[in-house]
Amino acid sequence: KSQEELLIPPTPCHAKTNVMFLKTHKTASSTVLNIMFRFAERYNLTVALPADQLFHLGYPRTFVAHFVEGFETIGQNYNIMCNHLRFNPLEVKKVMAANTFYFSILRNPIPLLESSYIYYKDYVPAFRSSKNVNEFLESPTKYYQPADSRRNIYARNIMWFDFGYDNNANDDTNYTQAVLEEIEHNFHLILIADYFDESMILLKHTLCWDLDDVIYFKLNSRSQDTVQMLTPENEEQIKAWCSLDWKLYLHFNQSFWRRIEETIGLEVLEKEVDHLRTRQKELMQTCLSEQEAVTKDHIRNKALLPFQPGAANILGYNLKQDLDNTTLRTCQKMVIPELQYTSYLYAVQHPHKKRKDVGLPLLWTSLQEK
């Protein structure tokens, strides 16, 4: 390169602050939601939160704008949207600005289905009537009754459903191709949960955020002893039973790595992932009394207890006792579960409305304590 070219400083980019994250199920999306909420607080942004006592934006119904608290008065002036919803681009566009950045996250359907099975076992008829995940997969149609399809969404092609499509549609090449193209058109970026740290680095670069904006502690994960081992035959069976999700995943896993090669390159990616993990370790040492997540019975502060469905045993964290106020706030925000954080932000943004009831003690009783 000539001297002159080298003297031109790179154009500094500006952090994107209008962002819509489609929160999919069992894909590390609670961890992403926490990242989005902390970012919203850092920049004092308005979040499109679920109306009244709800914690999701009308899910599993198809999203409409009035599911958002205050939409009638606030209109198209929300910066961040990230609670669970079933995607409906035209309605989301009523809420979010024209220059909004849209992204989502997918996960390999094989571990995803096993995770859904444990998490939703008591809620989903197809899961409830089978003994374990392998029995369900040996003949899914025996347990999965079309009449129950609304309650069975977690049992088949759940990601396809979250993106707004029919999770029982026939896997027809023209149809799936059209859907993949539509998703590419609607979303600027699709991350992959199986490569979560790499996803965070790609997100940071794409949105021009700081490393600390994408630092996280893993939230809403479950204890390893609840994981059921799938037989190799049943792993193959998932690809057939959830073939729409499988196609979705393969397609966007490819575009994910292509995007990394075209933008950051694998070398820089590796360096930054190391950096992220080092920073994460430092924070864990600062914040946590045990250097890891603990099972529900070992969470001392019940205000930090995550929602516990089925037999999953969702892990949480214990903070160190004698943190100074600023550090304590930072640490609390890293570990506060989704429902509690949603309820807190709702109270901040809509102080005159009845607070969302999590059924647990409040972490911050008054907003002055923030």
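## Helix H16

At the start of H16, the backbone nitrogen of Thr326 has a side-chain oxygen of Asp324 within 3.2 Å. This is a polar contact, a term for a pair of N or O atoms within 3.5 Å; within protein, one atom must be able to donate a hydrogen and the other to accept it, and residues adjacent in sequence count only if both atoms are side-chain atoms. Helix H16 covers residues 325-335, and its buried residues are Arg329, Cys331, Gln332, Lys333, Met334 and Val335. Buried stands for under 20% relative accessible area, exposed for over 50%, and partly exposed for what lies in between (1.4 Å probe, protein chains only). Helix H2 (29-42), helix H15 (266-287) and helix H17 (338-349) are among the elements that cover the buried residues of H16.

This is a predicted model, in which local features need pLDDT of at least 70 and side-chain atom pairs count only at pLDDT 80 or more, while totals for chains, interfaces and linings use all residues. Residues are numbered from 1 along each chain as its sequence is written, and side-chain values use heavy atoms, with hydrogens and water left out.

## The protein as a whole

The protein has 17 helices and four strands. Helices (H or I, at least four residues) and strands (E, at least two) are DSSP runs, numbered from the N terminus. The C-alpha atoms fill a box of roughly 60 × 60 × 45 Å along the principal axes. The radius of gyration is 21 Å, which agrees with the value near 21 Å for a compact globule of 370 residues. This radius is taken over C-alpha atoms, and the globule rule is 2.2 Å times the number of residues to the power 0.38.

Of the 370 residues, 55% count as buried. Among contacts with a separation of 6 or more, 71% are between residues 24 or more positions apart; contact means heavy atoms within 4.5 Å. The protein exposes about 17,300 Å², of which carbon and sulfur atoms supply 51%. Accessible areas come from the Shrake-Rupley method with a 1.4 Å probe, and for residues only the protein chains shown count as cover. There are 40 positive and 45 negative side chains, and the centres of the two sets lie 5 Å apart. Lys and Arg count as positive and Asp and Glu as negative, without His and the chain ends; each charge is placed at NZ of Lys, CZ of Arg, CG of Asp or CD of Glu.

Leu22 belongs to strand E1 (residues 19-22) and counts as buried, at 0% relative accessibility. Leaving aside neighbours within four places in sequence, Leu22 is in contact with Leu85, Phe87, Phe103, Ser104, Ile105, Asp162, Phe163 and Phe187.

Thr100 sits in the loop between helix H4 (89-95) and strand E3 (101-106). With a relative accessible area of 3%, Thr100 is buried. A polar atom of its side chain lies 2.7 Å from the backbone oxygen of Ala97. Beyond four places in sequence, the contacts of Thr100 are Asn18, Val19, Met20 and His188.

## Two arginines

Arg151 is in the loop between helix H8 (140-143) and helix H9 (158-162). Its relative accessibility of 46% counts as partly exposed. Arg151 and Val124 are 27 residues apart in sequence, and their C-alpha atoms are 5.8 Å apart in space.

Arg279 is located in helix H15 and is partly exposed, with a relative accessible area of 25%. Leaving aside neighbours within four places in sequence, Arg279 is in contact with Leu211, Asp212 and Ile215.

## Backbone exceptions

Most residues other than glycine have a negative phi, and most peptide bonds are trans. The peptide bond from Tyr59 to Pro60 is cis, with omega near 5 degrees. Pro60 is in the loop between H2 and helix H3 (71-74).

Asp52, also placed in the loop between H2 and H3, has a positive phi of about 55 degrees although it is not a glycine. Asp52 counts as partly exposed at 46% relative accessibility. Cys208 has a positive phi too, near 60 degrees. Cys208 lies in the loop between helix H11 (196-207) and helix H12 (211-214) and counts as buried at 16% relative accessibility.
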